[in-house]
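Hi,

Here is the structure you asked about. Have a look, then read my notes below.

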Amino acid sequence: MKQKDPDLLLFHAPLLRQGMTTPKAMRDVLIALAPATGASLWFFGMSAVLVLGASIAGAVLAEWLFADRASRGESLRDATGVLTGLLLGLTLPPGLPMWMAFLGGFVSIALGKVIWGGLGHNLFNPALLGRAFLLATFPIAMTTWVSAHPEGGFFSVYAGNLALPFMQAPVDGVTAATPLGLLKFEQEVTPLTNLMLGKIGGSLGETNGILLLLGGVYLWLRRDLDWRIPVGILGTVVIFSFFLGLFDAERFPTPLFSVFSGGLLLGAIYMATDPVTSPVTPRGAWIFAIGTGVLVMLIRVFGGLPEGVMYAILLMNAATPLIDRYTQPRVFGHGAEKQP
Amino acid sequence: MKVFRRLRRNFEHGVHPAHHKQQTENLPIQRVPFGKHYIMPLGQHIGVPSRAVVAAGDPVERGQLIAEPGGFVSTALHSPVKGTVSKVGDFRGVDGRFAPAIAIEADPFATQEVDPDAAPDWRSLSLEAFIEAVQMAGIVGMGGAAFPSHVKLSVPDGVKIRHLLINGAECEPYLTTDHRLMIERPEALLEGAEILRQKLGAEETVIGIEANKPDAIETISRHLSPDQPVRIVTLKVKYPQGAEKMMIKSVFGTEVPAGRLPRDVEVNVNNVGTVVAIADYFLRGMPLIERVVTVAGPGVSYPANLIVPLGTSVRDVVKFCGGLEAGTREIIMGGPMMGRPIASLDVPVLKGCSGVLVFTEEQTVRRKEYPCIRCGRCLEACPYFLNPSRLARLSKARMFDEMKDYNVFDCVECGCCTFACPSNIPIVQLIRTAKDDLKNRKEPDA
C-alpha cells in the first residue's frame, strides 16, 4: 500500500499573514465615509446623488478605460477608483453641473493616477488634483455655494446640476457663502453648532464635522490610518489659531472654528492620510502634518482665498519624497549606547 | 528615560501572529522508535562542514564520533544509532542540492544506549578544554540557526560575560519544543545553565520566557534553588521576541550595536534546547544525536512533540504521526515565519530543525500581489527599524547597491514585513535576493 507523496510546494516563509489586504483597506475608507456621505444626501438631497454619482462615474470610467485589458476587472475591484471619485465629489459644491463633476472624476484618475503608473505611484492626491483642475477651469461654478436643503425637498435639484456641457452654469437663486468666505469677506462668524452639524453652505462632504471625525475614529481603530497626520494637522491649526486669537480675537477665527470650518476635517482625515502621497516614516508624518497645518492657516488668514486645505495638502504631497528621504528611522543598534 | 525603558521588558515593533500552539503545547514529548536508515549531512550547522572519519562498511556505536570539525566554526557529528555506515557520499539535502553526508543502517537488534560516562568531568576542565569539549559534542544553537555553540562561548581576552541569558521565548507560531522541555526537563535546563554560568564566570542566569507559557514559568520557578543565581523574566508575547538581540533589548534594555555580538554587551544567549543538550552531554554522556521536534500544522493527522534521532527522514517522522492529511501542500522545517520548505519527504531531521510543520491550501494559497501603497505597516513591523517598503521597491528595480544605503545588511530576515504587508508583496524574499546578489557578486579586478 505505497502511497504517493504529495507534490510539495516551496513557498518561502513566512507562510502566515496578518489578514489585512489593500482592497480591504480601501473598502474601510469607503465605509468610514458612508456617514458623511449620508449627511450630504440629507442636506443637499438629490443634488448630492447627482454630483457624487457623476464624479464617481468619471473616475471609474477613466480607471476602466486606461487599465490594460488583462487586469481591467481587477483594477475596478480594488475600489480605489470609486474612492477617488467619492472623495472628489465630497469636495465639490452641491450645485455644480454634473458634467463638470464627471470631468473632474475623469481627470482625477487620468492625470492624478494613471499617468504616474497607477496605484501606489502617484505623487499627488488624485482627488485633490482633480479638484485643483476644476477650480482652475471653472472658477465661478466651483465657488458658487448654495444653502442646504433645496426648497422642493429631497427630490428637487439645484438648477445648476443639470446645466449642459460647456454652457454657462445658471446661477442658482439661493446662494450662500461658506463660513470661511463669510469670515474672510464679510467678517461674519458662523455659530459653532451650525459648523459641527452642517447647517452651513459648503461642499458636499465638508459640512458635518462630527460624522467625519467618527469615520476617522473607525479608520484609526482598523489601523488603516496614520493617526499622526490628522492629529498633527488639527493640532497645528488649533495652536496656530489660538496664538492668532491672542493678537486679535475679533479678526481671527477661534481654534474650534478653524477646525470645523471648510474642508479641514475632510482633508486632514481622508486626504492628507492617503498613504501613497504622504510620508511613510513616523517622523516624516509629523513634518508633513505640521507643514500642512501651517500652510492651511497661512492661506486662510493671509492668502487671497478663503480656504487653503487643498493647496496645502498638494504642496506637502510634492515635498513627501524629500521628507521621506531625510527622515529614515534610526536602525536598531546604530548609534546606540554600548552599555546598559 | 533609561529606567523607563528598562522597566518595559519589551523591544519595539514586531508583529503578533496567532501562535497556533494549542495543537501541541499540552502533549508530552514522546520518543520516535528507531528506524532503519539515517542520513547525517556533514554541513548541518552554520560554518565549515564537518570531515567524515568513518567509511562505508564501518560499524558504529550510538554516540560514536563519525565526523570531526572541519575548522573552528564547525562541529563534530556522532552516529545517532548503533549500526553500519552504508555510504559516505552525496545526498539530497533540505535545500534540494546534493551535499556530502554519511548514511547509516541501524542495527535492528541493538538496545541503542549511550555510554553515560563518555563525557569528561566539566568541573575539572579549563575553559579552553570545556569549549573544545562542547565542539566535540557537536552542540549547536538548537533554536533554528544551528550556529556552533562553542564559537559563542569563545570570548576574546578582556571581554567579560556578566549575564547568561537563556532563550525560552519560542516566539515562532506552532513550535512547542522549548516549551515542553521547560516543563518536562527543568532540572536538566537548570543543570546545563549552571555549567555554562560557572564556566563563563557570569554573575547571573536569566531565563526569558514569553508570557503565553505560564506553566513553564511556574515549573522552573518551583525547581529553582536559592544558591543558584537564576531569575526568570516574563516577556511580552510578540514575534520575534526570541531573536537574540531583541531579547537582550527586552530583558536588559540594551541595544547590541549593529555588526556586534551579544558578548559586546556582556551577555551570552543560549536557547533552551542548547542548554539541555549541554547538560545531557556533560552529565549523561550523550552528544548531540537527537533533538525535540514539534510536528504540527493543519496537514498532520496526530500532532506531537517528539524526540527524534538526527538523520531520521521526515517521512519516518510524519509516518509516526499518522501520515499526511489529504490536501497537504507544503512542509516547513522550522517555524512558519523563518523555516525552510522541503522539497522531498526523504530529507533528514537536522540539528537545527525545531519543527516539521505541514501546511495545506489555506496557508499556501497564491495571494494576489497589489502595488505598494506605502501604508507603512512594514516599517511599524520591522524590529530593526528598517524601511522594508523602500528596500522592496529598490530590490524590484534591481538597485541592490542603493539598498546598502538603507542598511539592507542589518536585516535578519525575520519576515515581519512580509507578514504585515496588506499588498502581499514578498518583501523579505526580495531583500534576500538582494543580499544574496550583493554577497556573491564578484569584485572587479583592482
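Is B:R441 buried or exposed? B:R441 counts as exposed, because it has 10 C-beta neighbours inside 10 Å. (Buried means 20 or more other C-beta atoms within 10 Å of a residue's own, exposed means 12 or fewer, and partly exposed lies in between; C-beta atoms are placed from the backbone.) B:R441 sits in the segment after α15 (427-440) of chain B. Its C-alpha is 32 Å from that of B:V155, 286 residues apart along the chain.

This is a predicted model: local features need pLDDT of at least 70, side-chain atom pairs count only at pLDDT 80 or more, and totals for chains, interfaces and linings use all residues. Residues are numbered from 1 along each chain as its sequence is written, while chains are lettered from A and ligands numbered from 1 in the order in which they are written.

Next, chain B. Strands β10 (204-210) and β11 (230-235) run parallel, joined by six bridges. (Strands are DSSP runs of E, at least two residues; helices are runs of H or I, at least four; both are numbered from the N terminus. Strands pair if DSSP finds at least two bridges between them.) B:G208 has B:V233 as its bridge partner in β11(B).

Now chain A. Helix α1 (22-44) has 23 residues and reaches 32 Å from first C-alpha to last, close to the expected 33 Å. (Expected span is 1.5 Å times one less than the number of residues.) Just after α1(A), A:G45 takes a positive phi of about 60°.

Best wishes
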